[in-house]
Amino acid sequence: MNKLSRNDIPMCDVMEQYRQLKEEMDAAVLRVLASGQAILGPEVTALENEIAEYSGSNHAIGCGSGTDALLLALMALDIGMGDEVIVPPFTFFATASCVHRLGAKVVFADIDPLSYNIDPKQIENKITPQTKAIIPVHLYGQCADMDAIRAIAKKYQIAIIEDAAQAIGAEYRGQKAGTMSDIGCFSFYPSKNLGAFGDAGMVVTQSESLAKKLRALRVHGMEPRYYHHYVGLNARLDAIHAAMLRVKLPHLERWTKGRIEVANRYDEYIHAARLDSILSKPTRLPDRRCVFHQYVVRTPTNLRDGLVQHLKQNGVSCDIYYPLPLHLQPCFQSLGYRKGDFPISELASESVLAFPMYPELTSVQQMRVIDTCAQFIHKGRVAA
Ligand SMILES: Cc1ncc(COP(=O)(O)O)c(C=O)c1O
C-alpha cells in the first residue's frame with residue numbers, strides 16, 4: 001500500500017475507534033495483563049456470550065481468525081478427502097483455501113451480477129453425491145440469497161456454512177448473518193466492521209452438539225485435557241483481543257448506522273455529479289440490511305486502472321476486492337478451471353472498485369473522493 005500523507009483519505013481508519021474509546025480500551029488491556037490469563041478464559045467466554053446474544057445464536061465459539069472459523073466449521077462437519085464443497089469464485093481466498101487445505105474438492109459456482117454473491121441458480125447443477133456443503137459469502141456486508149440456498153441444501157441434504165466475515169450485523173428477511181445455516185463464521189480482522197487489534201474470529205451455531213465439537217476442535221480436539229477425540233487445531237482466541245472487542249461491541253450498531261449513512265452519501269454524490277452511468281452504485285436488495293463493509297462501485301473495464309491511478313495520485317485511497325477470481329489463481333490450477341468458466345465473477349474482477357469506507361468518514365472527504373473521480377472521467381470525455 002502507498003504511504004499516506006496527512007490529508008490523504010485512507011480506505012479505513014482503525015485508529016479512529018481507538019481514539020474514541022481509548023480509556024476503556026486501555027483499561028481492558030490492563031485488566032487482561034493483571035489477570036495473567038492470556039488465552040481463552042473469562043474474557044473470551046464473556047465475549048462469546050455477548051456475540052451469541054448480538055447475533056441471535058445459541059452458541060458462539062471464539063477462535064484465532066476468520067480463516068480458523070471456516071476451518072473449524074468444515075472440520076466440525078467432518079469435511080475432508082473425497083468430499084466436495086461449493087463456493088463462489090469471487091470472494092476472499094480463505095473461503096476456498098480452507099476447503100482445499102482439508103483435502104476436499106473446491107467446486108465453484110458463479111455469482112449473481114447485482115449482489116456479487118453466489119447465484120443460487122448456479123448451485124444445483126454443481127451438486128454431486130460427493131457434495132457435503134455450500135459456503136455462501138455475504139460479500140461486502142450484504143447477505144446472499146439464503147432462502148434459495150437453504151431450499152437447495154434441504155433438497156439435497158447438504159450443510160451450509162455462512163462466510164459472514166464481512167457481514168456481522170447484516171440481515172436477510174429479518175434474520176442476522178451467521179444464523180441462517182449450520183455454522184456461521186465471523187472475522188474480527190482489524191479492518192472488519194468489528195475489528196480486534198490483531199487476528200481474531202468466531203463461529204456461531206444453534207446446535208449444541210456442533211458447539212461442543214467446535215470447542216474441542218479449537219484446542220487440538222481435546223476434551224478433557226490431553227485426551228484427544230479429534231485431530232483439531234490450535235485456533236484459540238487471545239484474551240486481550242476478546243477484552244478489546246467487548247469494549248467495541250456495544251458501539252457496533254452506531255458504527256453500522258454510520259457506514260450506512262456514508263454509503264447513502266456516496267450514492268447521493270455520485271448521482272449529483274451525474275456519474276451514475278460510469279460509477280454504477282452498489283445494488284441494495286430490498287429484503288436485506290447491508291452493513292457496508294465495503295462500498296463498491298462498478299466501472300467500465302477500460303477506465304478502471306486509470307481511475308485507480310488518478311485517485312491514488314490525488315491522495316484518495318481505493319482498492320479492488322478482488323482482482324483475480326479464485327478459479328484463476330495459480331494455486332488452484334490443479335482444479336482444471338479456465339478463463340471463461342465463470343464470466344460474471346471474471347467481469348466483476350475487472351470492473352469493481354472500492355472507495356474509502358468507515359463510519360467516521362466525513363461528507364467533505366466523500367465529496368473529494370467523488371470530485372476526484374469526476375475530474376478524471378470528465379477529462380477523459382473531453383479528450384475522447
Ligand atoms: C469473505 C472473507 N472470508 C474469510 C476471511 C478470513 O478472515 P481472517 O482474515 O480473519 O482470517 C475474510 C477476511 O478478510 C473475508 O473477507
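Two residues count as in contact when their C-beta atoms, placed from the backbone, lie within 7 Å. Helices (H or I, at least four residues) and strands (E, at least two) are DSSP runs, numbered from the N terminus. This is a predicted model, where local features need pLDDT of at least 70, side-chain atom pairs count only at pLDDT 80 or more, and totals for chains, interfaces and linings use all residues. Residues are numbered from 1 along each chain as its sequence is written.

**Helix 4 against helix 8**
- On the helix 4 side, Leu72, Met75 and Ala76 meet Leu210, Lys213, Leu214 and Leu217 of helix 8.
- That contact is made of six nonpolar residues, one charged and no polar.
- The axes of helix 4 (residues 66–76) and helix 8 (residues 208–217) come within 9 Å and cross at roughly 125°, so the two helices are oblique to each other.

- Three strands make an open sheet, ordered 7-6-10, with antiparallel pairing.
- Strand 7 (175–176) and strand 10 (288–289) sit at the edges with a single partner strand each, so one side of each has no neighbour in the sheet.
- Strand 6 (residues 171–172) and strand 7 pair over two bridges (DSSP must find at least two for a pair).
- Glu171 stands opposite Lys176 in strand 7.

**Around the ligand**
- There are 15 residues around the ligand (C-beta, placed from the backbone, within 6 Å), and Ser65, Gly66, Thr67, Ala165 and Ser187 come nearest.
- Helix 4 and helix 5 (94–101) are the elements that give two or more residues to this shell.
- By class, the shell has eight polar, five nonpolar and two charged residues.

Definitions and conventions
Axes fitted to C-alpha atoms, helices over the stretch in contact; angles between N-to-C directions. Parallel < 35°, antiparallel > 145°, perpendicular 65-115°, else oblique. Nonpolar A, V, L, I, M, F, W, Y, C, P; charged D, E, K, R; others polar.
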